[in-house]
Amino acid sequence: MTFKNKRANADKLTKYGFELEEGKYVRRTAIIDGQFRLTVTVDGNEINTELYDVTAEDMYTLHLVDGAVGAFVGRVRAEYEQVLRDIEQNCFDTDVFKQDFTREILQYTKEKYGDEPEYLWNDLPDAAVIRRKDTKKWYVLLMTILPKRLGLSGDEPIEIVDLRFDVDELPKKIDGERYFAGYHMNKKHWITILLDGSVPLAEILDCVDKSYALAKK
């Protein structure tokens, strides 16, 4: 199984108790008062599990059968799923965005400002905001949208960044091809930039810095 839009973090796996065995991260957990041993193996972003019944000395699989009911199998399934939820929460990072420039922005804001992305909307899982710690104001909004939202052609989703921008300079910058009035934000104060490589990364990061500064007000 895989955790959707998640990426394994090796440092977090190790801190959580996983051990590296033959190039894979492995952790064994006792559940059901020690009656079962759950082995979780992380290979890249793929998760494999084995549940061993210590008492019966055999593998147990009923917890994976949808039609299996009853108090005991229900308890096994609940504890099994809780272990996986904890691992997902503590050992995996959200991995929604695929474009190199999008990931560069995330790395840049983390290293320079110490700011992490926030995924605020359940109905918009492929949208993230980054805000200043002091003012709590957003200065980056990353999104995946359809090109038609910006008046462009094509059916494949594209990744964009919304940034605060100088109100006097913004109208001069918008070209309807790479730069757009803020999508999903105040069009007088935000600019949208395509993250497909058409705008140099250095220029985008410069805009990120300016947006950060504007978020101080």
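Predicted model: local features only at pLDDT ≥ 70, side-chain atom pairs only at ≥ 80, totals over all residues.
Helices here are DSSP runs of H or I with at least four residues, strands are runs of E with at least two, and both are numbered from the N terminus. Residues are numbered from 1 along each chain as its sequence is written, and side-chain values use heavy atoms, with hydrogens and water left out.

I start with the largest pocket. On a 1 Å grid over the protein atoms alone, a pocket is an open set of points where a 1.4 Å probe fits, with protein on both sides within 12 Å along at least five of seven lines, and a lining residue has an atom within 4 Å of a point. The volume is the space filled by probe spheres set on the points, which are joined across faces, edges and corners. For this pocket that space is about 480 Å³. Its lining has 16 residues, and Arg7, Asp93, Thr94, Glu116 and Pro117 lie nearest the centre. Strand S7 (92-94) and helix H3 (100-113) each supply at least two of the lining residues. H3 gives the largest share, four residues. By type, the lining divides into eight charged, five nonpolar and three polar residues.

Two strands pair if DSSP finds at least two bridges between them. Five strands form an open sheet in the order S2-S3-S4-S5-S6, with antiparallel pairing. Strand S2 (19-21) and S6 stand at the edges with a single partner strand each, so one side of each has no neighbour in the sheet.

S4 and strand S5 (residues 46-53) pair over eight bridges in the antiparallel sense. Within S5, isoleucine 47 stands opposite valine 42. In S6, aspartate 58 is the bridge partner of aspartate 53, and methionine 59 is that of tyrosine 52. The S5 and S6 hairpin has four residues between the strands, and glutamate 57 there takes a positive phi near 55 degrees.

Now the rings. Rings of Phe, Tyr and Trp (its six-membered ring) pair if their centres lie within 6.5 Å; planes under 30 degrees apart are stacked, over 60 edge-to-face, the rest tilted. The structure holds seven aromatic pairs. In one of them, phenylalanine 36 and tyrosine 60 are edge-to-face, 4.9 Å centre to centre with 70 degrees between the planes. Phenylalanine 36 is in strand S4 (residues 36-43), and tyrosine 60 is 24 residues away in the loop between strand S6 (58-59) and helix H2 (71-91). Both are buried, where buried means under 20% relative accessible area, exposed over 50%, and partly exposed in between (1.4 Å probe, protein chains only).

Phenylalanine 36 also pairs with phenylalanine 72: the centres are 6.0 Å apart and the planes at 40 degrees, so this pair is tilted. Phenylalanine 72 lies in helix H2, so the pair ties S4 to a part 36 residues away in sequence. Phenylalanine 36 has 1% relative accessibility, while phenylalanine 72, at 38%, is partly exposed. Ring pairs link Phe36, Tyr60 and Phe72 into a cluster.

Methods
Nonpolar A, V, L, I, M, F, W, Y, C, P; charged D, E, K, R; others polar.
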